[in-house]
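Open your viewer, keep the selection tool handy, and let's walk through this model together, one stop at a time.

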Amino acid sequence: MPASPRLVVARGHEAPAATQILEALRRAAPRTRDHLTRSTGLSVATVARVVPRLVEAGLVRERPDLVPAGVAGRPSVPVELDVSRFVVVGVHVGLAATTVSLSDLSGRVVASRERAHTPGRFDATETASAVAQMLRSLPQRVPLGAGLVGPWPDLSLDREEAAARLHEELGLDVVSAHHLSAAASADHALRGHERDGVTLYVYARSTASFVLVSEHESRAEVSHPVRLTHFPVDDDVPCECGARGCFAVAAGDQAVGARALGDRLASRADVAALVASAESGDRAADGALRQRARSLGRMAARVRDMVDPDRLVLLGQAFTRYRPAVTEVTRAFAATTRLPAIEPVFTQFGPSIQAVAAGAAALRPVYDDPWGVVPLVPSDPLVPPAGVATERRESTHVLVNDH
Ligand SMILES: [Zn+2]
């Protein structure tokens with residue numbers, strides 16, 4: 001069972017005023033200072049003092065164009081996150097591919113590129129040059145830091161060393177986290193504080209894992225990520241671990257892709273090719289993807305029955321990539337779970353989930369300590385064209401202690 005929560009995804013009323021205001025603006029349309037006072041519980045004086053500092057730092061901008069006609073005075077000018085200038089760099093290292101991305105302050109991915117790699121290999125130099133190229137194509141963007149995420153227990157990579165190398169190459173602070181913890185934190189940031197309780201997040205693509213996000217009085221924490229790579233999913237395929245029917249060999253992207261090639265359902269050993277066949281009307285390919293969806297629905301139901309959460313979110317391309325099979329997941333889930341009915345929610349991130357997760361890890365320090373992250377003189381001209389190292393202060397890499 002998951003260990004005690006380690007990663008805080010929202011600090012609620014315990015957070016510094018600037019963090020509470022940024023978190024409130026991240027979830028909402030432009031807000032007036034009055035709205036912010038009500039939604040955060042901060043005093044009028046605090047909001048009046050902190051908002052102009054956030055505007056000056058370039059993290060928040062005023063929207064005088066949204067003031068209703070006939071209303072005067074600064075307190076009625078709505079403010080919103082300024083998503084036009086700062087970005088964070090996201091790097092997701094998966095089993096088969098590396099994704100490099102840039103996300104704005106709201107967590108929206110503004111640029112992203114996925115490239116296949118040799119499993120277990122992470123090339124920090126090549127990754128940094130992809131980042132520099134991306135930043136050169138968006139010269140108005142200023143990077144504040146970087147996030148490095150992946151399914152670490154499934155990669156034969158030293159996470160700490162990978163983060164240190166990336167930091168060295170980029171010259172930016174690097175936060176590293178498990179990719180599912182980061183994705184759950186991004187999903188939570190968008191959904192906001194729904195109600196107290198526990199949300200179970202189950203991820204599946206080449207690897208599978210789950211985390212729990214516990215919310216209490218607007219504070220939210222993510223549990224230790226738990227691997228589902230060798231979780232039994234009702235299949236007879238032998239696994240290298242000695243068991244049969246583990247997720248990795250029965251329903252993981254790589255296994256499903258390899259089987260599709262063997263069964264001549266796809267032109268290459270790749271789940272994308274199988275999905276393409278199904279989408280072009282191949283009924284056998286469609287059947288294979290539906291069968292996999294049922295395995296995933298049963299897996300989600302068994303995990304749900306073990307941890308008995310209040311809400312269930314399913315994420316990762318194995319669940320979402322082939323839309324016609326989504327109902328199979330829901331049906332198999334409903335038929336398998338032995339607890340009262342619950343409707344699983346599928347994340348809205350779709351194919352950008354790896355980039356969103358990496359961006360969420362990179363954004364954490366911006367929200368936790370905005371004054372420690374923004375450049376000292378925000379109105380200065382932009383970073384060097386290569387997009388690397390603004391020499392403003394000593395940078396470090398931070399490991400989020402979540403596994
Ligand atoms: Zn196994």
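## First stop: the zinc site

Select Cys241, which is partly exposed because its relative accessible area is 43%; buried here means under 20%, exposed over 50%, and partly exposed in between, with a 1.4 Å probe and the protein chains only. Before going on, note that this is a predicted model: local features need pLDDT of at least 70, side-chain atom pairs count only at pLDDT 80 or more, and totals for chains, interfaces and linings use all residues. Residues are numbered from 1 along each chain as its sequence is written, and side-chain values use heavy atoms, with hydrogens and water left out.

Which protein atoms are its donors? They are His230 (ND1), Cys239 (SG), Cys241 (SG) and Cys246 (SG), at 2.0 to 2.3 Å from the zinc ion. Donors are N, O and S atoms within 2.8 Å of the metal (3.2 Å for Na, K and Ca), and water is not among the atoms, so sites may look incomplete. The 4 donor atoms subtend angles of 105 to 117° around the zinc ion, so the arrangement is tetrahedral; for four donors that label requires all angles to lie between 85 and 135 degrees. Ideal angles for four tetrahedral donors are 109.5 degrees.

Along the chain, the zinc donors have the spacing H-x8-C-x1-C-x4-C. His230 and Cys241, 11 residues apart, both sit in the loop between strand 12 (226-227) and helix 7 (247-250). Helices (H or I, at least four residues) and strands (E, at least two) are DSSP runs, numbered from the N terminus. His230 is partly exposed, at 36% relative accessible area.

## Second stop: the largest pocket

Next, select Ala96, Ala97, Arg205, Ser206 and Asp253, which lie nearest the centre of the largest pocket among its 22 lining residues. A pocket is an open set of points on a 1 Å grid over the protein atoms alone, where a 1.4 Å probe fits, with protein on both sides within 12 Å along at least five of seven lines; lining residues have an atom within 4 Å of a point. The volume of the largest pocket is about 440 Å³, counted as the space filled by probe spheres set on the points, with grid points joined across faces, edges and corners.

Colour strand 6 (109-116), helix 8 (253-262) and helix 9 (271-279): each gives at least two residues to the lining of the largest pocket. Strand 6 has the largest share of that lining, with 3 residues.

Move to Arg264, in the loop between helix 8 and helix 9. Arg264 is exposed, at 76% relative accessible area, and its phi is near 55°, a positive value in a residue other than glycine. Most residues other than glycine have a negative phi.

Then pick Ala272 in helix 9, which is partly exposed at 24% relative accessibility.

## Last stop: Gln354

Finally, select Gln354 in helix 13 (residues 353-368). Is Gln354 buried or exposed? Gln354 is buried, with a relative accessible area of 3%. Leaving out residues up to four places away in sequence, Gln354 touches His92, Thr99, Val149, Tyr203, Arg205 and Gln317, where contact means heavy atoms within 4.5 Å.

Terms used
Four donors count as tetrahedral if all angles lie between 85 and 135 degrees; four count as square planar and six as octahedral if opposite donors are over 155 degrees apart and all others between 65 and 115; anything else is irregular.
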